[in-house]
Amino acid sequence: MVISAYKRWLCRTLAELAELAEQAGLDRPEEVGYALLLLIDGANARVVVDDDRTAMLRAKATAAMLIGVADA
């Protein structure tokens, strides 16, 4: 049940991220949204599996770089 709810949240989040990327005028907003979603999902897995307390901060920094590249 928890995993199903998490996956539904990921799908909604992907749509929201793609929409935000499009509103920001980024090229390939769906790809940017998906890449950001992978960062979130991967960082969450690191927190849960490895108790990596820095994973979300690292994902945030990586997202900023990704957005900068997508905007170029």
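Residues are numbered from 1 along each chain as its sequence is written. Because the model is predicted, local features need pLDDT of at least 70 and side-chain atom pairs count only at pLDDT 80 or more, whereas totals for chains, interfaces and linings use all residues; side-chain values use heavy atoms, with hydrogens and water left out.

Helix α1 covers residues 2-23, where helices (H or I, at least four residues) are DSSP runs numbered from the N terminus. Within α1, L10, T13, L17, A18 and A21 are buried; buried means under 20% relative accessible area, exposed over 50% and partly exposed in between, with a 1.4 Å probe and protein chains only. These residues cover an arc of only 135 degrees around the axis, so they lie on the same side of α1. The arc is that of the directions from the helix axis to the C-beta atoms. On the other side of α1, C11, E22 and Q23 are exposed.

The buried residues of α1 pack against α2, which comprises residues 29-50. T13 is one of the buried residues of α1, with a relative accessible area of 8%. Not counting residues up to four places away in sequence, T13 touches L37 and I40, a contact being heavy atoms within 4.5 Å.

The largest nonpolar core is made up of nine residues: L10, L17, A21, L26, V32, L36, L37, A63 and A70. The elements α1, α2 and α3 each give two or more residues to this core. A nonpolar core is defined as a set of buried Ala, Val, Leu, Ile, Met, Phe, Trp, Tyr and Cys residues joined through side-chain atoms within 4.5 Å. In soluble globular proteins, nonpolar side chains tend to be buried together. A63 touches L36 and L39, again not counting residues up to four places away in sequence.

One aromatic pair was found. Rings of Phe, Tyr and Trp (its six-membered ring) pair if their centres lie within 6.5 Å; planes under 30 degrees apart count as stacked, over 60 as edge-to-face and the rest as tilted. The pair is formed by Y6 and W9, which are stacked at 5.9 Å centre to centre with 20 degrees between the planes. Y6 and W9 are separated by about one helical turn, because they are three residues apart in helix α1. Y6 is partly exposed, with a relative accessible area of 23%, and W9 is likewise partly exposed, at 35%.

Side chains of opposite charge can pair when their charged atoms come close. The count of salt bridges comes to four, a salt bridge being a side-chain nitrogen of Lys or Arg within 4 Å of a carboxyl oxygen of Asp or Glu. One of them joins the side chains of R28 and E31, at 3.2 Å from N to O. R28 is exposed, with a relative accessible area of 51%, and E31 is exposed as well, at 52%. R46 forms a salt bridge with D52, the closest N and O atoms being 3.1 Å apart. In this pair R46 is partly exposed, with a relative accessible area of 42%, whereas D52 is buried, at 14%. R46, D50 and D52 are linked in a network of salt bridges. A salt bridge also connects R53 and D51, whose closest N and O atoms are 3.1 Å apart. R53 counts as exposed, at 71% relative accessibility.

Several backbone angles complete the description. Most residues other than glycine have a negative phi, and most peptide bonds are trans. After α1 comes G25, whose phi is positive, near 80 degrees. R28 is a residue other than glycine with a positive phi, near 50 degrees, and its place is in the loop between α1 and α2. D51, which is not a glycine, has a positive phi of about 55 degrees. D51 is found in the loop between α2 and α3, the latter comprising residues 55-71, and counts as partly exposed at 47% relative accessibility.
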